Amino acid sequence: MADVPSRRYAQGWGALSLAVGAVLVTTAAAQPPADGRPGEATARAPAILTVGVCPATVGLCRLYPTTAAPDAPAAVTLPRDARGPVELALRTPGRLTDVTVTDRRGRRIAGRTDADGTRWTSEVALPAGGAYTARLVVEEPGRDGPRRRTVRLAVRTAKAPSGERLTVLLGPGDGRRTRTYGVGQPVTAELSHPVPADDPAARRTVERALEVRSEPRVEGAWHWVDADTLHYRPRVHWPSRATVQVRPGLDGVRVTDRLHGGPSRPLAFTTGDRVEAVTDVAAHEMRVYREGRLLRVIPVTTGKRGFRTRVGTKVVLGKEPLVRMRGDSIGIARGSREFYDLEVRWAVRVTWSGEYLHAAPWSLDAQGSADVSHGCTGMSPEAARWFYRTVREGDLVRVVHGYGAVMTPFDNGYGDWNLGWPEWLRGSALGARTSGRGSAGPLLPAL
């Protein structure tokens, strides 16, 4: 077979190859059996294996032919310019009934077979410097009915050149132990090197490598906050009592000509019950729900004129049983009429700039009837203590019917939920490609 692919391959299979990066195509050779009847493959006929290596942008695939018997794996080495997931495609009549790809430690490479059973695609690119074994069970038509045989392929990836490595720090937490968060907690990814927006191919490579899985499964996507930060969230929110695992599959992956992925720590966390606090500014009350059931209605006071509480959806960032709050931390000059210096109990933080839900014994007369705070949501000490013990990091806090600015998505906490799903997907280099199907359940209706 020549180095230049046939016209049919370049226009059909080759066009697909350009989109995914590196393609391995296995073709079962039809050879007559011992009795001479045509149209059936012998059980031990060799399999013709063709490797197509495609550039990341445009150009034709370069082909490398090889042949192997079913019990003798063919050895194929992908060059350094192979980029993107790997595809195994059957180009003769029949279907793939089982595909298993493992690394040298026996760990299985995640991938999916299409509905027709004619191709298998890995979910991420294969890291550099690796050795993999693909085992394919092929069901082929025959005169006496379908016949199955097994074909094996040994795949190696070229070693990454020496130089800088792209690593990622995943959150929440540090990945050292599994913690439980609320259903609104986004996954964060902080890259060691920036990946600019003008290199969409590199961004797609990073997104494919950062694999998020949840049980139950949900539809979700990454969103680029800036050149070195990504957030991942489901379309709605995480299911209650879910398990979320994030695999940083960057190690050895070619991101750019000068940058390859390095080793990073994986992440796992669980979610608790769906707890949501909804503050109605106009009604001066906060309703707290667990799994859609109303737990309590609490009279509150929110930000007064000039210090309005932000509206929209926020996420609990942390809790402090006692915190000192001072006016100069939000730009109020010492000595002015608005300055304050207070020790505050049962404080639940929702922005990095200092917005809390907390005990406010000095404003009991206004709670339930007026807005007198400097932006925080104040309540009685008893109610604040109960709320403090009820919520956890990652729980949702919504402010509705208010007069303040809308909570920003990324620069002051987790305002991710204030972006609609189409807008969220526009921040992904993969667009509408998501991690799975399903729904985590409906949000509570707006009040």
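Asp371 lies in the loop between β27 (356–359) and β28 (377–379); helices (H or I, at least four residues) and strands (E, at least two) are DSSP runs, numbered from the N terminus. The structure is a predicted model, in which local features need pLDDT of at least 70, side-chain atom pairs count only at pLDDT 80 or more, and totals for chains, interfaces and linings use all residues. Residues are numbered from 1 along each chain as its sequence is written, and side-chain values use heavy atoms, with hydrogens and water left out.

With a relative accessible area of 17%, Asp371 is buried (buried means under 20% relative accessible area, exposed over 50%, partly exposed in between, with a 1.4 Å probe and protein chains only). The side chain of Asp371 makes a polar contact of 2.8 Å with that of Thr302 and a polar contact of 3.3 Å with that of His284. A polar contact is a pair of N or O atoms within 3.5 Å; within protein, one must be able to donate a hydrogen and the other to accept it, and residues adjacent in sequence count only if both atoms are side-chain atoms. Not counting residues up to four places away in sequence, Asp371 touches Val281, His284, Thr301, Thr302, Gly303, Lys304, Arg308 and Tyr403, where contact means heavy atoms within 4.5 Å.

The strands on either side of this loop, β27 and β28, belong to an open sheet of 4 strands in the order β25-β26-β27-β28, with mixed pairing. Two strands pair if DSSP finds at least two bridges between them. The edge strands, each pairing on one side only, are β25 (318–326) and β28. On average, neighbouring strands of this sheet are turned by 35° against each other, direction ignored. β25 pairs with β26 (residues 341–349) in the antiparallel sense over 8 bridges, and Lys319 has Val348 in β26 as its bridge partner. Helix α4 (residues 381–390) lies across β25, β26, β27 and β28 and runs at about 40° to β26. Axes are lines fitted to C-alpha atoms, for helices over the stretch in contact, and angles run from 0 to 180 degrees between N-to-C directions.

Another helix, α3 (residues 200–209), is largely enclosed by the rest of the structure, because 8 of its 10 residues are buried. Among the buried residues of α3 are Arg203, Val206 and Glu207. The buried residues of α3 pack against β11 (165–166), β14 (187–191), β15 (210–215), β16 (220–226), β17 (229–234) and β18 (243–248).

The largest nonpolar core has 32 residues, and those with the most contacts inside it are Leu166, Val187, Leu191, Val206, Trp222, Trp238 and Val246. A nonpolar core is a set of buried Ala, Val, Leu, Ile, Met, Phe, Trp, Tyr and Cys residues joined through side-chain atoms within 4.5 Å. A second, separate core of 19 residues includes Val275, Ala359, Ala383 and Ala384.

Val275 and Leu295 are 20 residues apart in sequence and 9.7 Å apart in space, C-alpha to C-alpha. Leu295 is in strand β23 (residues 293–299) and counts as partly exposed, at 27% relative accessibility.

Overall, the protein chain has 5 helices and 29 strands. Of its 447 residues, 50% count as buried.
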